[in-house]
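Open your viewer and get ready to click along.

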Amino acid sequence: MEKVTLDELKAAQEIVYRHLKPTPEISWPLLSERCGCEVWVKHENHTPIGAFKVRGGLNYMDRLSREQPEVRGIISATRGNHGQSLAFAAARYGITATILVPFGNNPEKNDAMRALGAELIEHGEDFQEAREYAEVLGGEQNLHMIGPFHPWLLQGVGTYALEFFTACSDLDVVYVPIGMGSGMCGMISARDMLGLKTKIIGVVAENAACYALSFAQKKVVSTNTADTMADGIACRIPDENALAIILDGADDVVKVTEDEIKAAMRYYYVDTHNLTEGAAAAPLAALLKQQDLRQGKKVGLVNSGGNVDAETFQGVMNGGQK
């Protein structure tokens with residue numbers, strides 16, 4: 001699959017802006033002080049669903065409604081933010097949404113998807129098992145299956161990167177969490193289409209390292225588990241189309257530990273008073289890990305979402321000092 005073009009990003013931007021405003025880019029003094037460099041945060045936790053994914057859902061539903069108007073119901077699998085995105089967008093286009101989640105999923109994300117109008121079904125032990133069953137169920141019920149990575153999703157998601165680079169065109173490096181790859185590939189596409197030199201570093205959890213392993217070996221490498229509290233990056237089988245774009249455009253893919261993710265969640269709250277879910281805190285964790293390399297640089301962090309449940313966040317905040 002090709003990267004998104006600038007024309008495609010701008011067309012998606014028109015669709016997205018019918019439903020939401022651009023999110024802010026903020027440089028927080030305490031965060032910059034902690035990291036020893038000028039840090040700019042792209043606050044995708046400030047969208048109507050509290051995560052960047054909403055952009056992809058809106059673009060996908062708009063394209064689907066125009067190009068396949070006979071589709072009246074969609075189905076997908078998620079750990080939360082992708083499902084919220086599809087439910088949010090489907091409701092606006094008069095389409096029903098059936099969303100599969102694994103057992104033990106974030107209860108507040110589940111509640112949010114139901115509140116947005118989705119029919120929620122729990123199945124499987126992780127995202128991959130939920131996704132495989134969603135494909136079976138979609139076939140049985142004649143529902144339109146939406147995977148986690150698709151050109152229409154990528155075009156919509158990429159609008160956050162276009163905003164970020166338009167506001168901060170001189171970033172030396174930007175850290176991006178990698179779940180199934182749309183956020184990372186959107187960032188690479190926007191950077192390349194704008195002709196910028198910013199280095200792009202992907203970030204994964206050490207316990208869900210399939211994209212880091214795949215980047216290192218330059219081929220799809222799956223893992224047997226994805227046991228991380230950062231549910232937005234808890235995947236174990238990479239998308240080969242996403243990997244191709246990442247191999248072509250990323251400078252590195254960094255692994256961070258569970259303790260480093262939790263510490264970054266605490267730092268975000270202490271330094272900016274923003275709630276940050278595990279996946280969204282991973283880029284800060286990676287920056288702190290590479291702090292010596294970034295002294296005096298202008299660094300971007302993608303805060304991809306703030307949908308952490310109260311119990312988890314309470315445990316994170318009680319788990320260490322600032």
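Helices (H or I, at least four residues) and strands (E, at least two) are DSSP runs, numbered from the N terminus. This is a predicted model, where local features need pLDDT of at least 70, side-chain atom pairs count only at pLDDT 80 or more, and totals for chains, interfaces and linings use all residues. Residues are numbered from 1 along each chain as its sequence is written, and side-chain values use heavy atoms, without hydrogens and water.

**Stop one: the largest cavity.** A cavity is a set of points on a 1 Å grid over the protein atoms alone where a 1.4 Å probe fits but cannot get out; lining residues have an atom within 4 Å of a point. The structure holds three cavities of 30 Å³ or more, and the largest has a volume of about 360 Å³. Select Lys53, Gly179, Met180, Gly232 and Ile233: of the 30 lining residues, these are the closest to its centre. Now colour helix 8 (182–193), which gives the most to this lining, with three residues.

**Stop two: the second largest cavity.** Select Lys53 again, together with Gly56, Gly57, His82, Pro148, Leu153, Val157 and Ser182, to show its lining. About 40 Å³ of space lies here. Helix 3 (54–67) and helix 7 (151–167) each supply at least two of the lining residues.

**Stop three: the cysteines.** Which cysteine sulfur is closest to that of Cys168? It belongs to Cys37, 13 Å away and too far for a bond. A disulfide is a pair of cysteine sulfur atoms within 2.5 Å, and the count here is zero. Finally, select Cys185, whose nearest cysteine sulfur, in Cys235, is 12 Å away.

How values were computed: 1 Å grid on protein atoms, 1.4 Å probe; cavity = no way out; pocket = protein on both sides within 12 Å on 5 of 7 lines; lining within 4 Å. Points joined across faces, edges and corners; volume = space filled by probe spheres on them.
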